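This briefing concerns the packing of helices in one model, together with its backbone geometry. Please keep the structure in view while reading.

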Amino acid sequence: MDHALERLGADSDRIAQALVAMEDRPGHQLLAGGALTGVTEQRWGVAGLALGGLWDDFSTHRTLLEQARAVRARRSRPGDAELTELTAQIGKLSSLSALMDTACTMVTELLDAVEAAWRKGIDELDPLDTDLRAARTFAESLGVEEPDLDRIADELTRVRNRLAADPLAAPAPGRELTERIAAVQTDLTALAAARDSLTEQLERLGALIDEIAEVGTKIRAAHVTVLEKIASPGLAPLTDPVPALRSRLAGLPTLSGQLRELATALDDLRGDAGEALADSRDRLASATGLLDRRLELRGRLDAYHAKARTLGYAEDLDLLAVHREARVLLYTIPCDLAAATRAVKRYQEALQARREGR
């Protein structure tokens with residue numbers, strides 16, 4: 001009888017240790033103390049009942065064992081009828097160990113899954129929280145507001161709540177929140193750069209506007225020459241974007257305390273100045289292109305005429321007349337480029353006809 005009590009006592013201690021160990025696990029604390037939903041709620045409903053049943057059976061087992069030990073302590077003979085009866089009742093619970101193993105396996109598997117899902121979620125959320133706090137600190141240091149940070153914080157809170165309520169089914173925060181925080185950081189970095197390099201950026205913009213002014217001076221000079229030497233050149237009216245650009249440049253320092261407005265103004269002015277420079281270069285190319293075209297036509301006419309002499313057509317009166325017409329058009333001021341182009345082409349075609357015997 002004493003041996004049986006020792007064995008039953010050992011079983012009782014093992015069961016107690018296993019039950020306490022399960023309840024001490026973080027997963028059990030999360031499941032038992034939270035408002036669960038979804039898949040996690042369903043699985044814990046089954047496992048929690050099993051665990052509760054184990055505690056009930058263990059309590060009965062422990063009570064009977066303590067009673068048997070008390071009776072054994074009062075009796076000198078181990079074969080006492082009362083003690084034998086109690087031992088028999090405890091024996092009826094001998095299947096508790098097997099039930100414990102089955103239920104423990106189910107609960108342990110659930111706890112393992114919950115803890116793994118929780119750790120995975122936390123491992124993804126904690127860096128996001130850290131990045132979010134860093135972004136908030138950065139924004140505060142710049143004195144700017146970033147409304148998206150509040151929206152991101154709210155979304156992180158919702159994700160944490162979903163993770164706590166249903167860790168087995170809660171979605172990972174994903175790449176979206178990471179990219180949104182990174183976008184805010186990029187924006188803040190740009191604002192800081194606008195603040196820290198304001199003097200340098202103003203100098204570069206000033207140089208860019210100076211270049212536009214220089215091209216503008218060349219455009220005006222080219223217009224004067226073209227209007228004098230080319231008939232009906234079709235040039236666009238002269239415009240000067242420089243005064244407006246310089247005025248905007250002069251106003252930028254007043255925005256030094258408003259970084260977002262400053263960054264926007266810098267970007268806008270940089271873009272507009274770049275477009276103005278490209279447009280000015282196009283205008284200059286259009287104007288000088290007309291003079292270049294006249295020079296090209298003169299060179300082509302001289303080349304064709306030299307070729308005519310080489311081929312023995314220097315005294316060809318008809319060919320000379322066509323050449324004379326083209327030369328007069330090209331050297332008349334202002335020059336009718338369209339008519340001169342057609343005349344040079346006629347001389348080329350006439351020369352070709354002579355060569356082919358037509």
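The axes of α10 and α12 come within 10 Å of each other and cross at roughly 20 degrees; axes are lines fitted to C-alpha atoms, for helices over the stretch in contact, and angles run from 0 to 180 degrees between N-to-C directions. The model is predicted: local features need pLDDT of at least 70 and side-chain atom pairs count only at pLDDT 80 or more, whereas totals for chains, interfaces and linings use all residues. Residues are numbered from 1 along each chain as its sequence is written, and side-chain values use heavy atoms, with hydrogens and water left out. Helices (H or I, at least four residues) and strands (E, at least two) are DSSP runs, numbered from the N terminus.

**α10 with α12**
- The two helices α10 and α12 are therefore roughly parallel to each other (angles under 35 degrees count as roughly parallel, over 145 as roughly antiparallel, 65 to 115 as roughly perpendicular and the rest as oblique).
- The crossing of α10 and α12 is left-handed, a term used if the near helix is turned anticlockwise from the far one by less than a right angle, with right-handed used if clockwise.
- On the α10 side, the contact (heavy atoms within 4.5 Å) includes Leu290, Arg293, Leu297, Tyr304 and Lys307.
- On the α12 side, residues in this contact include Leu337, Thr341, Gln348 and Arg355.
- By class, the contact of α10 with α12 has 10 nonpolar, three polar and five charged residues; Ala, Val, Leu, Ile, Met, Phe, Trp, Tyr, Cys and Pro count as nonpolar, Asp, Glu, Lys and Arg as charged, and the others, Gly among them, as polar.

**α11 with its two partners**
- Helix α11 (residues 317-331) packs against helix α12 (residues 337-355) at an angle of about 160 degrees, with the axes 8 Å apart.
- That angle makes α11 roughly antiparallel to α12, and their crossing is left-handed.
- Among the residues that meet here are Asp318, Val322, Glu325 and Leu329 in α11 and Ala339, Ala343, Arg346 and Arg354 in α12.
- This contact of α11 with α12 comprises 12 nonpolar, one polar and four charged residues.
- Between α10 and α11 the packing angle is about 160 degrees and the axes are 10 Å apart, which makes α10 roughly antiparallel to α11.
- α10 passes α11 in a left-handed crossing.
- Residues of α10 that meet α11 include Arg298, Leu301 and Asp302, and their counterparts in α11 include Leu320, Arg327 and Tyr331.
- The contact of α10 with α11 divides into eight nonpolar, two polar and four charged residues.

**Geometry of α10**
- Helix α10 (residues 259-310) has 52 residues and reaches 73 Å from its first C-alpha to its last.
- That reach is close to the 76 Å expected at 1.5 Å a residue, the expected span being 1.5 Å times one less than the number of residues.
- At Gly289, α10 bends by about 30 degrees, the bend being the angle between axes fitted to the seven residues ending there and the seven starting there.

**Backbone exceptions in loops**
- Most residues other than glycine have a negative phi, and most peptide bonds are trans.
- Ser232 has a positive phi of about 45 degrees although it is not a glycine; this residue lies in the loop between α8 (198-229) and α9 (242-251).
- Ile333 and Pro334 are joined by a cis peptide bond, with omega about -5 degrees, and Pro334 lies in the loop between α11 and α12.
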